[in-house]
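Have a look at the picture first, then read on.

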Amino acid sequence: MRILISGASIAGPVLAYWLHRYGFSVTVVERAPTPRKTGGHAVDLFRPAMDISERMGVLERIEQRVTGTRWLTLCPEGAGRPVRVELSRIFDAASARHAEIMRDDLSEIYVDAARNDVEYLFGDSITAISPEGGVRFEKAAPRRFDLVVGADGVHSNVRRLAFGENAGSSEFIGAYLGVLTLPESVARDGELRIHVGVGRTAGMYGSARLGDARALLLFRSPRELECHHRDIPRQKQLLRTAFDGMDVEVDRWLDELSRTPAFYFDSITQLRMDTWSRGRVTLVGDAGYCPGPAVGGSTTLAVVGAYILAGELARAGGDHERAFPAYERAMADHVRGSRAVAHSAAKTLIPTSRLGVTGLARGAQLISALPAGPRRALLRLTTKSARLYNSMDIPRYAVPGLDAPAGASFGVE
Ligand SMILES: Cc1cc2nc3c(=O)[nH]c(=O)nc-3n(C[C@H](O)[C@H](O)[C@H](O)COP(=O)(O)OP(=O)(O)OC[C@H]3O[C@@H](n4cnc5c(N)ncnc54)[C@H](O)[C@@H]3O)c2cc1C
């Protein structure tokens, strides 16, 4: 049985690995001309994604390439001195198992996990999918596949081809984000610096290993702004306006907007669809159910979704009419939960009031001062996203060559 996956970032390669393990023949088509090199932004792997990565045999490589960010310095705008917190005190207390890693490092590790067993077509894209599985590409000759999976991100091409231009409904959650690459000289090795004010948050991290630094700029807007997704000068101007006068350090990051080699800008929007599957086509990861970039654990959701989709296809012997609904049922609660925590994460990350700003600074102060026990209790109560993602119960599918009993599940925290 031949399965085509569009997208080779996170969900695509994880799905490809597991489908291959279950005996399917897999092709992955990726628009980028080559596998991604270190870049993008830092992403989080919570416990279920760590467990799945361990089962894939890649956990050690992930642990070797974590970002190494050790300190958080929080500077509340107009509200006193910066607060410095050791990040391990937050993550160790909030999450039993967690790794922060650059998205492109993670992507490379997942691609490598089945690079020799899966066909990768870089620098190409699907242009048409027929109901019988006939697929046309921009460059490659047309081919036939039994199933097609869109793992091609928030602006999914497969979603557009299978469901039409305006599939589902999108909910703007009231904020925008921009990411830019800065010279390494701006970074302080192992330190994440965040300036936070009412309606705007600017963060920056970097390390000697990365060779550069990244600034992440989040700002609130009560309504969607008029800005074409290709109008980069306008996007940069929106960021300059939103962060005007925040701090001299932020001014320095903004100065780099005119020469940054990598720039990303988007609204923080949640896509809602009644179903992610149509005929022989389904969606996985951000393509189907992104809860919003930078405000949730969508990377963990993408890994979990890919693992469950492959497992359900194996369980149904490749019968997509049984497997796709089973996959959607297994993911429904996780997706609903992640949407809800993304809303609350956005509120915490980009405070709507002065009280929110001082609350964030006080919270960080308290966490750095408390001993381990109470700190753990406080964080488990307040960090909704870590709690949600860590508690996701992941089915354990029987894999040829692995001695996992079918029907057991990974533990729940
Ligand atoms: C600025 C920012 C910060 C973020 N921070 C976090 C964070 O802190 N924690 C977290 O967990 N998550 C974070 N995320 C989200 C995280 O990056 C995604 O949830 C995760 O990468 C989803 O993986 P995916 O494989 O579903 O999609 P993506 O990573 O978006 O990958 C989609 C892939 O499809 C390819 N593609 C696109 N179009 C086509 C086409 N036409 N044909 C073929 N291939 C195509 C793309 O090139 C890409 O390789 C952040 C996202 C952004 C943008």
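The structure you see is a predicted model. Strand β9, which covers residues 134-137, is joined to β10 by two bridges, and these two strands run antiparallel.

Now widen the view. β9 belongs to an open sheet of three strands, in the order β8-β9-β10, with antiparallel pairing. At the edges sit β8 (126-129) and β10 (143-144), each of which pairs on one side only. As a general point, strands of a sheet pair through backbone hydrogen bonds, either parallel or antiparallel.

## Around the ligand

Next, turn to the ligand. How many residues surround it? There are 32, and the closest are Ser-9, Ala-11, Glu-30, His-41 and Ser-298. By type, the shell divides into twelve nonpolar, twelve polar and eight charged residues.

## Polar contacts and cover

Let's zoom in on some atoms. Ala-11 uses its backbone: an N or O atom there lies 2.9 Å from an oxygen atom of the ligand.

How much of the ligand does the protein bury? Taken alone, the ligand exposes 1,000 Å², and the protein buries 91% of that. The elements giving two or more residues to the shell are β2 (25-30), β3 (42-45), β12 (169-183) and α10 (298-315).

Terms used
Residues are numbered from 1 along each chain as its sequence is written. This is a predicted model: local features need pLDDT of at least 70, side-chain atom pairs count only at pLDDT 80 or more; totals for chains, interfaces and linings use all residues. Side-chain values use heavy atoms; hydrogens and water are left out. A residue is near a molecule or strand if one of its heavy atoms lies within 4 Å of it. A polar contact is a pair of N or O atoms within 3.5 Å; within protein, one must be able to donate a hydrogen and the other to accept it, and residues adjacent in sequence count only if both atoms are side-chain atoms. Accessible areas come from the Shrake-Rupley method with a 1.4 Å probe; for residues, only the protein chains shown count as cover. Helices (H or I, at least four residues) and strands (E, at least two) are DSSP runs, numbered from the N terminus. Ala, Val, Leu, Ile, Met, Phe, Trp, Tyr, Cys and Pro count as nonpolar, Asp, Glu, Lys and Arg as charged, and the others, Gly among them, as polar. Two strands pair if DSSP finds at least two bridges between them.
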